[in-house]
Amino acid sequence: MQLYNRLSKDELKESLMCETFKRKTISFYRYVNLDEPSEFRNSLYQKWFELNCFGRIYVAREGINAQMSVPEQNLATFLQQLDEMQELKDMPIKYAIEDDGKSFYKLTIKVRPKIVADGLKDDAFDVTNVGNHLSAREFHDLVDIPETLVIDMRNHYESEIGHFKGAICPEADTFREEIEMVVNDLKDQKDRKILLYCTGGIRCEKASAYLKHHGFMDVNQLHGGIIEYAQQIKQLKLDSKFVGKNFVFDQRLGERVNGEVISSCHQCGRRCDTHTNCANDLCHILFIQCSECAEQYDGCCTAECKTVLHAPEEDRLLYIQDFKRKFGNRKSFRKGIDSKLKIDKRELEV
């Protein structure tokens, strides 16, 4: 019985590139009580490993949050399996806006305290008292009304490359930081109509309940998030009010919604919306880099990191104490990258 991956990263990626069939990138979540999350996790791994599914799935006592890549020929069986499980029956599935079939290269299912790391104490408010769910068309029609407040409930590095027109996009690096900023900054506008949105809808479930707990009267959320909005608007033949690119947490790091590029390279300022991780694994920070800067800095975020990248192994070890981010940290820190770039520029001027 295999319950974990046994191959190396290079082996997995090589196998993915050699595949001759197509894959579908999907996502879904559900808040549902799971008495034995570890057993549930193992059962899912067995089923999905046999179907050659890849993805990143979090299971907790409160439910499941999944982003996956499923072979097209196994998709029907996969969906049937979901329906055969009472906890996952009739699951709303969201399909990727852009999909090259290379979103994931292995199957990872982890048991976590929560399916979204929100840092909130759920016993302090009613997490089931969520906002009103709006369809893509309903949300679309309300976005431009002056009386409404449209709020992006994603981190800054996500909204930087794409967001709804006129949306409030807090300069936050974490969901916990953002939700507290929204409550504090808008405390005098609790009678306004609030429109919340995020990638697939899961963060808005907690955010809407939290806002209602703090006295916001008219809280609404985009059902299915940006992913569902983009799909529905296309079917309805309407011009998207979401501009730019939708950030996604897989190998793609983004999918275009309306074709516009609204962000800039963090190094030179050219128009660009391509996220990448610093090639120096001692840093690995997520940032936006154009192709010209990628060539100049060898995929690194600063000249300092480029130096570390090409240093002999024994010298690289000496740099470890100078980097506060551990190897493999895929999180983006807006304040962190701004600080690093400012330091690098000062060093270049000296």
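View 1. Glu72 sits in the loop that runs between strand 3 (63–71) and helix 3 (75–84). This close-up, like the others here, comes from a predicted model. With a relative accessibility of 38%, Glu72 counts as partly exposed.

View 2. To find Arg112, follow the chain into the loop between strand 5 (107–111) and strand 6 (132–134). Its relative accessibility is 34%, so Arg112 counts as partly exposed.

**View 3. Ser69 in strand 3.** Stay with strand 3 for this view, and look for Ser69 within that strand. Is Ser69 buried or exposed? Its relative accessible area is 0%, so Ser69 is buried. Leaving aside residues up to four places away in sequence, Ser69 touches Arg23, Lys24 and Thr25, then Asn52, Cys53 and Phe54, and also Gly101, Ser103 and Phe104. Two of these neighbours, Arg23 and Asn52, return in the views that follow.

View 4. Asn52 belongs to the loop between helix 2 (37–50) and strand 2 (54–60). Although Asn52 is not a glycine, its phi is positive, at about 60°. Asn52 counts as partly exposed because its relative accessibility is 29%, and Asn52 is among the residues that Ser69 touches.

**View 5. His284, another residue with a positive phi.** His284 is in the loop between strand 13 (275–277) and strand 14 (286–288). Its phi is near 60°, a positive value in a residue other than glycine. What does the accessibility of His284 say about its burial? At 13% relative accessibility, His284 counts as buried.

**View 6. Glu19 and Arg23, joined by a salt bridge.** Side chains of opposite charge can pair when their charged atoms come close. In this view the side chains of Glu19 and Arg23 meet in a salt bridge, with 2.8 Å from N to O. Glu19 counts as buried, since its relative accessibility is 18% and the cut-off for buried is under 20%. Arg23 counts as buried too, at 5% relative accessibility. Arg23 is also one of the residues touched by Ser69.

**View 7. Glu255 and Arg252, a further salt bridge.** The side chains of Glu255 and Arg252 meet with 2.9 Å between N and O. Glu255 has a relative accessibility of 1%, so Glu255 counts as buried. For Arg252 the value is 17%, and Arg252 also counts as buried.

**View 8. Asp218 and Lys193, a salt bridge between two strands.** The closest N and O atoms of Asp218 and Lys193 are 2.9 Å apart in this salt bridge. The pair links distant parts of the chain, with Asp218 in strand 10 (residues 218–222) and Lys193 in strand 9 (residues 193–197), 25 residues apart.

**View 9. A network of four charged residues.** Which residues are linked in a network of salt bridges? Glu62, Lys114, Asp118 and Lys206 make up this one. To put the views of charge pairs in context, the structure holds 14 salt bridges.

**View 10. Lys241 and its surroundings.** Lys241 is placed in the loop between helix 8 (225–236) and strand 11 (242–246). Its relative accessibility is 14%, so Lys241 counts as buried. Which residues surround it, once those up to four places away in sequence are set aside? Lys241 touches His140, Val143 and Asp144, along with His163, Phe164 and Lys165, and also Tyr229.

View 11. Asn184 is partly exposed, with a relative accessible area of 43%. For a sense of distance, pick out Val127 as well: Asn184 and Val127 are 57 residues apart along the chain, and their C-alpha atoms are separated by 19 Å.

Terms used: Residues numbered from 1 in each chain as written. Predicted model: local features only at pLDDT ≥ 70, side-chain atom pairs only at ≥ 80, totals over all residues. Heavy atoms only, no water. Helix = DSSP H or I, 4+ residues; strand = E, 2+ residues; numbered from the N terminus. Buried < 20%, exposed > 50% of the residue type's maximum accessible area, 1.4 Å probe, protein only. Contact = heavy atoms within 4.5 Å.
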